[in-house]
Amino acid sequence: MKYLDEFNDPKLARRLLDEIRATATRPWALMEVCGGQTHSIIRHGIDQLLPDEIELIHGPGCPVCVTPLECIDKALEIAARPDVIFCSFGDMLRVPGTDRDLFRVKGEGGDVRVVYSPLDALQLARRHPDKQVVFFAIGFETTAPANAMAVHQAKRLGLGNFTLLVSHVRVPPAIEAIMTAPACRVQGFLAAGHVCSVMGMAEYPELAERHRVPVVVTGFEPLDILEGIRRTVGQLERGEHRVENAYARAVRADGNPAAIRMIEEVFEVTDRNWRGIGRIPGSGWRLSEAYRGFDAEHRFDVTGIRTEEPAECRAGEVLQGLIKPTECAAFGTTCTPRTPLGATMVSSEGACAAYYLYRRMSEPALPREEMNPVG
């Protein structure tokens, strides 16, 4: 990948860390709203390399993790039907429902398939007209254009055997919910660069102004994250609360207009439940009236499924940034990637998975002087 090495340069990382140390004069709590950023932070030990004044809080930035339990149970119900080919990205197959997961359904005879694009599922629908093909359409704004395009193409082709099980969520309403929560400690946000590459930055200035928090659009490599932190801390120290773009090589202010048009044609904004968090107004998308015939929930009559989160799993508190994964008693004991209690332990972007994968079993893992930035 072009520029990959440049954004992993240890010398530049140390220089940015020195600038952050020189700038920070008081404690600041920043939240990254992206599971990819969380994994990069934990993998490279960025949170432990920062000065003591800077705390990174892991937010609800993993789309798999925030997919509500009731939606997982709807997927399991649909996938178990003999006339269905159920398609999903691979990281959804281990996410536990109430009493099983999609791997279990597959092992019991369900036709569950891993695909790499919703268009793969669309092709399956064309090849298997005798089957109902369902694609599990989850994710933030990043995956919405491709899912919208799949439904758009299905309608154009007249494919009556293709549907989406939709659980799309939106970042700005989540930030609003975080900032209005009674226990909120967040003073600045590292916004997800890939989300902004699609949607642009238009929704963030109002949030920054209303809650008086800086929002810095940030990438995913170590230097991207350190630069985002440097800019956020600089604003906080100066008493500013602006939206900045620290990921200009991928993000434009207006995002991707063609992708936005496709989303607006196929989807409409709706309230959405977030796993472990609850209902956030205006935080999701559902298929619009013109495309409602491609809604798997209605076609398979699973709209009435309701569930309760397991009490032992504290993933909701992790997703809200109220605790670190290691503060959950089940972490690494009764909850592991092989025996997960919640999605945060099995998703490729989950905070619990990041802590487990990179052996962050306690805090801190190493004395600061023994760490090698992005080594």
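In strand 4, Val-112 is the bridge partner of Phe-86. The model in which this pair is found is predicted. Strand 3, residues 84-88, and strand 4 run parallel and are joined by four bridges.

These two strands belong to an open sheet of six strands, ordered 4-3-5-6-11-10, in which the pairing is mixed. The edge strands of this sheet are strand 4 (111-114) and strand 10, and each of them pairs on one side only. From one strand to the next, the twist averages 25°. Helix 9, residues 171-180, lies across strand 6, strand 10 and strand 11, and runs at about 175° to strand 11.

An open sheet of five strands has the order 2-1-7-8-9, and the pairing in it is parallel. Strand 2 (54-58) and strand 9 (243-245) stand at its edges with a single partner strand each, so one side of each has no neighbour in the sheet. The twist in this sheet averages 25° from one strand to the next. Strand 1, residues 28-32, pairs with strand 2 in the parallel sense over five bridges. Leu-30 has Leu-56 of strand 2 as its bridge partner.

Strand 6 of the six-stranded sheet contains Thr-163. Is Thr-163 buried or exposed? The relative accessible area of Thr-163 is 0%, and because buried means under 20%, Thr-163 counts as buried. Leaving aside neighbours within four places in sequence, the residues in contact with Thr-163 include Val-133, Val-134 and Phe-135. Also among the contacts of Thr-163 are Gly-293, Phe-294, Asp-295 and Ala-296, together with Arg-299 and Phe-300.

The largest pocket is lined by 20 residues, and Lys-74, Asp-271, Arg-272, Arg-279 and Glu-297 are the ones that lie nearest its centre. Which elements each supply at least two residues of this lining? They are helix 5 (69-79), strand 6 (162-169), strand 10 (267-274), strand 11 (278-287) and helix 14 (296-299).

There are three cavities of 30 Å³ or more.

| Space | Volume | Nonpolar lining residues | Polar lining residues | Charged lining residues |
|---|---|---|---|---|
| Largest pocket | about 430 Å³ | five | five | ten |
| Second largest cavity | about 50 Å³ | four | five | one |

The lining of the largest cavity includes four cysteines by name, Cys-313, Cys-328, Cys-335 and Cys-352. Also in that lining are Arg-314, Ala-315, Val-318, Ala-330, Phe-331, Leu-341 and Thr-344.

The second largest cavity is lined by residues that include Gly-35, Thr-38, Gly-59, Gly-61, Cys-62 and Cys-65. Leu-319, Glu-349, Gly-350 and Ala-351 are also part of the lining of the second largest cavity.

How values were computed:
Residues numbered from 1 in each chain as written. Predicted model: local features only at pLDDT ≥ 70, side-chain atom pairs only at ≥ 80, totals over all residues. Heavy atoms only, no water. 1 Å grid on protein atoms, 1.4 Å probe; cavity = no way out; pocket = protein on both sides within 12 Å on 5 of 7 lines; lining within 4 Å. Points joined across faces, edges and corners; volume = space filled by probe spheres on them. Nonpolar A, V, L, I, M, F, W, Y, C, P; charged D, E, K, R; others polar. Pairing = 2+ DSSP bridges. Axes fitted to C-alpha atoms, helices over the stretch in contact; angles between N-to-C directions. Contact = heavy atoms within 4.5 Å. Buried < 20%, exposed > 50% of the residue type's maximum accessible area, 1.4 Å probe, protein only.
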